[in-house]
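Here's a quick tour of a protein model, written for someone just getting started. Take a look at the picture, then read on.

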Amino acid sequence: MHLLRPTALFPLLLAAASAVAAPAATPAPAPASAPPLPLYVKEPLRGSRVLFGDFDVQRPLSGAAGRMDDDPKLPHAVVEARRTSKDGKDDALGLAWKDAWFSTVRVETAPLDLRPYLANGTVSFDLKVNELASGGLAFRLDCGKDCERKVGNVLPARAAQGRGWQHLSYALSCFYRAGDDFSAVTQPFALDGTGSGNVEIAAIRIEANGTPNATCPDYRTVSVTPAPLNESWSLDWWMPRHADKLAEIARRRAAGERTDLVFIGDSITHHWEKENKDLWDATWGKYGALNLGYGGDRTENVLWRLQHGEIDGIDPKVVVLMIGTNNNGMRHDAPATIVAGIRRDIDEIRTRLPRAKVLLLAVFPRGATPDDPLRIVNDKVNALLPPLADGTHVVFLDMNRVFLAPDGTLSKTIMPDLLHPNADGYRVWQRAMQPTLDRLMR
C-alpha cells in the first residue's frame, strides 16, 4: 500500500482526532505491594520471549535481528525486528516494516494476573519514531481468551518522527472493558504497525500506580462521537473523497439533477464502484443514486460526514444505510455500543432529510461459519436493530440469509475474503433488496 503524507488536510484531521480522557476502570484499587512488571526493561522479563511478524506469520526474535518476508498471503510485505540500544546494549527493540497491512513486535510471557493493576495502573514505554510518513502505530494488550484491546496512535506518532525518544504512559483503563478477563494474560504488550515504518521501543513496563501522560478515546462513547477516519491507510484518500462528494452534490444542484437514492456505509457500499458499477448504473442510475460508502468507516466516521455536508442540499426519497462491521472487526465494540452509533447516524439522517425514508440494512454476515466470533457479534447487532425502525420513516431489512448456505456457511464464491462481496455478491444484494426498495421509492 502506498500512503501519502497529508498536507493542508493534516491540521483538520489532527484536531478531529484529539482523544478524550481515558475511562475509569472498575476493579478494586491495586494493593500497594503489587510489584512493577518490567516486560522489557534493559532485557526481557525472565521467562518471556519477543515475537515479531505479520497477522498470519509470527516467529521468535532469537538473535540480534530477524526478518519475515515469506508470508504467501503478503508477497511484498517485509517485517524486520532487531535488538537495538537506547541507554545500553540491546536494551531496546526495533521494528521496521514495509507494505504490510499489519506488523507487530510483542512480548509473550507466562500467564500474568493483571487484575491488581487495572484500577490505577499504567503501561509505559519509551518510543522513538524514525520513519512513519506512510504508516501508523497501535499499542495492544490481550484481555483474555480471544480478546485484545488496542489504542491507535497514527497522527501523534507521525508528528513524533525524528524527535528522538519520547516517554508514553497509558492508563490500563484504556485497554480494559467490563467483563474482560485479565487473570492469565500471556501477551501483555504489543506494538503494531501498518503501512511502512521504522520505530524503536524500550523500557516497557506495567505499574500498579502510574501517572498517564497519554490519552485514549472512551470506548463507551467513541461510536457516537463524530470523527474522520484517521487510519494510516486512509489519510491520503478519505478527506479527498469527502471533498469530491461535496463537489458532486454541488454540481448536481447547479445542474438541477435530482438525487433520489443515497447509499451510506463502509467499504461494502464503497466497493460497488469497483466490483459491479455496471449493475449499479443499470439498476439505480435512473434514481441518480449517490454512493457515500467509505472503506474502513465506523459509525462515528459516518456521523462526521453527515455533519459536514454530505447529505445537505439534496432531497432523496430513500437513504440506504449499512454500517457497523468495522466497529466490530477493527475495534471490537460491544453490540450495544455499535447499535448506539447506528441509532445516532439514523437520527442525523432523519434530522437533515426529514422527507427521506431510511432503509436500514442488517450488517452483512462475515466469517466462514456461524460460530465465527465476528459473525456472532454482527448477529447480535442485527438482533438489536429492529426497534430502531418504525416501519414508515425507517424500515429494517435483514436479507443476510441470501448470502448463506442452509447450514449458515458463507461461501468465498460471493465473498472471497468472507467480508466483501464480489460482482456476484453484489448481484445477490441487488436482487434481495430490490422489492423493498421499489416499494419505498414509490
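To talk about how helices pack, we need axes: these are lines fitted to C-alpha atoms, for helices over the stretch in contact, and angles run from 0 to 180 degrees between N-to-C directions. Helices (H or I, at least four residues) and strands (E, at least two) are DSSP runs, numbered from the N terminus. This is a predicted model, so local features need pLDDT of at least 70 and side-chain atom pairs count only at pLDDT 80 or more, while totals for chains, interfaces and linings use all residues. Residues are numbered from 1 along each chain as its sequence is written, and side-chain values use heavy atoms, with hydrogens and water left out.

**Helix pairs**

- The axes of helix 9 (residues 335–352) and helix 10 (residues 373–384) come within 9 Å and cross at roughly 50°.
- That makes helix 9 and helix 10 oblique to each other (angles under 35 degrees count as roughly parallel, over 145 as roughly antiparallel, 65 to 115 as roughly perpendicular and the rest as oblique).
- Their crossing is right-handed; a crossing is left-handed if the near helix is turned anticlockwise from the far one by less than a right angle, and right-handed if clockwise.
- Who does the touching here? Helix 9 brings Pro335, Ala336, Ile338, Val339 and Ile342, and helix 10 brings Val377, Lys380, Val381 and Leu384 (contact means heavy atoms within 4.5 Å).
- Helix 6 (residues 277–284) and helix 11 (residues 423–441) pack at about 15°, their axes 11 Å apart.
- So helix 6 is roughly parallel to helix 11, and the crossing of helix 6 and helix 11 is right-handed.
- On the helix 6 side you'll find Leu279, Thr283 and Trp284, which meet Tyr426, Arg427, Gln430, Met433, Gln434 and Leu437 in helix 11.

**Nonpolar cores**

- A nonpolar core is a set of buried Ala, Val, Leu, Ile, Met, Phe, Trp, Tyr and Cys residues joined through side-chain atoms within 4.5 Å. Buried means under 20% relative accessible area, exposed over 50%, partly exposed in between (1.4 Å probe, protein chains only).
- The largest nonpolar core has 52 residues, and Tyr170, Phe189 and Leu191 touch the most other members.
- Several strands give two or more residues to this core, among them strand 7 (92–108), strand 8 (122–131) and strand 12 (189–207).
- A second, separate core of 31 residues includes Ala289, Met322, Met399 and Phe403.
- Skipping neighbours within four places in sequence, Tyr170 has contacts that include Phe125, Phe139, Phe175 and Pro212.

**Disulfides**

- How many disulfides are there? The count comes to 2, where a disulfide is a pair of cysteine sulfur atoms within 2.5 Å.
- One joins Cys143 to Cys147, S to S 1.9 Å, and this link is left-handed, with -90° about the S-S bond.
- Cys143 is buried at a relative accessible area of 2%, and Cys147 counts as buried too, at 13%.
- In the other, the sulfur atoms of Cys174 and Cys216 are 2.2 Å apart. The torsion about their S-S bond is about -90°, so this disulfide is left-handed.
- Cys174 lies in the loop between strand 11 and strand 12, and Cys216 in the loop between strand 12 and helix 3 (238–255), so the pair ties together parts that are 42 residues apart in sequence.
- Both Cys174 and Cys216 are buried.
- Counting bonded cysteines along the chain, the pattern is 1-2, 3-4.

- Most residues other than glycine have a negative phi.
- Lys42 has a positive phi, near 75°. Lys42 sits in the loop between strand 1 and strand 2 (43–44) and is exposed, with a relative accessible area of 66%.
- Asp90 also has a positive phi, about 60°, although it is not a glycine. Asp90 is found in the loop between strand 6 and strand 7 and counts as partly exposed at 27% relative accessibility.

**Two buried residues in helices**

- Beyond neighbours within four places in sequence, Trp304 is in contact with Pro226, Ala227, Pro228, Trp238, Met239 and His242.
- Thr337 lies in helix 9 and counts as buried at 14% relative accessibility.
- Not counting residues up to four places away in sequence, Thr337 touches Tyr219 and Ser223.
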